[in-house]
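Dear colleague,

Please find below the structure that I am handing over to you.

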Amino acid sequence: MNTVVTSKEEILKNSRVLIQQQGWSAVSIRSVAAACGVSVGSIYNYFDSKADLMGATIESVWREIFHQQEDMAKLEDTQACIRWIYERMQYGCKKYPGFFALHPLGLMHEEKSKGKQRMQQAWGHILDGFCSVVKQDSKIRPDAFDGRFTAEKFAGILFSLIVSAMLREDFDSSAVLEVVRRTLY
């Protein structure tokens with residue numbers, strides 16, 4: 001058995017594999033150590049607690065699902081961005097069954113506020129990127145937004161619809177795309 005893991009990313013990669021193969025509940029300090037072929041103490045060299053490991057694992061899954069640099073060129077307008085988000089949600093659901101609905105449960109007992117903060121950061125990053133796309137969409141008609149109905153508010157509304165669809169595992173973006181088409185173009 002190795003005594004040292006080569007990197008924190010290797011630990012997170014093995015944690016993601018455990019989620020894929022056995023579900024969210026399979027992730028623990030012991031199971032990750034076994035998957036990495038290292039002692040439990042080696043995991044504690046990188047993570048102070050199970051909650052710290054869980055939070056970092058959640059963050060790494062979110063990053064894998066929604067932070068794909070090669071896909072960024074596809075985000076030329078709001079509708080393309082929505083299609084991409086729904087495709088990524090479907091990918092995430094297939095690769096990590098139950099992740100969207102179940103990962104908050106892994107944070108409820110230990111260090112809930114830290115886990116919630118990490119999740120809000122991940123969602124905030126996605127929302128900021130989405131808001132940027134809406135603001136830069138040259139196809140949006142000039143009178144679509146005003147002082148009371150801003151691009152930021154609209155992006156927030158759309159993001160809420162997307163999160164709701166994510167939790168329901170509903171990957172049909174047609175209704176949201178129609179709302180965008182009727183409201184913005």
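The crossing of helix 4 and helix 5 is right-handed. Please bear in mind that the model is a predicted one.

Helix 4 covers residues 50–66 and helix 5 covers residues 78–95; the two pack at an angle of about 130 degrees, and their axes lie 9 Å apart.

As to the residues involved, helix 4 contributes Glu 64, Ile 65 and Phe 66. On the side of helix 5, they meet Trp 84, Ile 85, Arg 88, Met 89, Tyr 91, Gly 92 and Lys 95.

Turning to the protein chain as a whole, it has nine helices and zero strands. Read from the N terminus, its elements accordingly follow the order α-α-α-α-α-α-α-α-α. The protein chain has 185 residues, of which 45% count as buried. Its accessible surface comes to about 9,900 Å², and carbon and sulfur atoms hold 52% of that surface.

Finally, among the contacts in the protein chain with a separation of 6 or more, 72% are between residues 24 or more positions apart.

With kind regards

Definitions and conventions. Residues numbered from 1 in each chain as written. Predicted model: local features only at pLDDT ≥ 70, side-chain atom pairs only at ≥ 80, totals over all residues. Heavy atoms only, no water. Axes fitted to C-alpha atoms, helices over the stretch in contact; angles between N-to-C directions. Helix = DSSP H or I, 4+ residues; strand = E, 2+ residues; numbered from the N terminus. Left-handed = near helix turned anticlockwise from the far one by under 90°. Contact = heavy atoms within 4.5 Å. Buried < 20%, exposed > 50% of the residue type's maximum accessible area, 1.4 Å probe, protein only. Areas by Shrake-Rupley, 256 points an atom, 1.4 Å probe, with all protein chains shown as cover.
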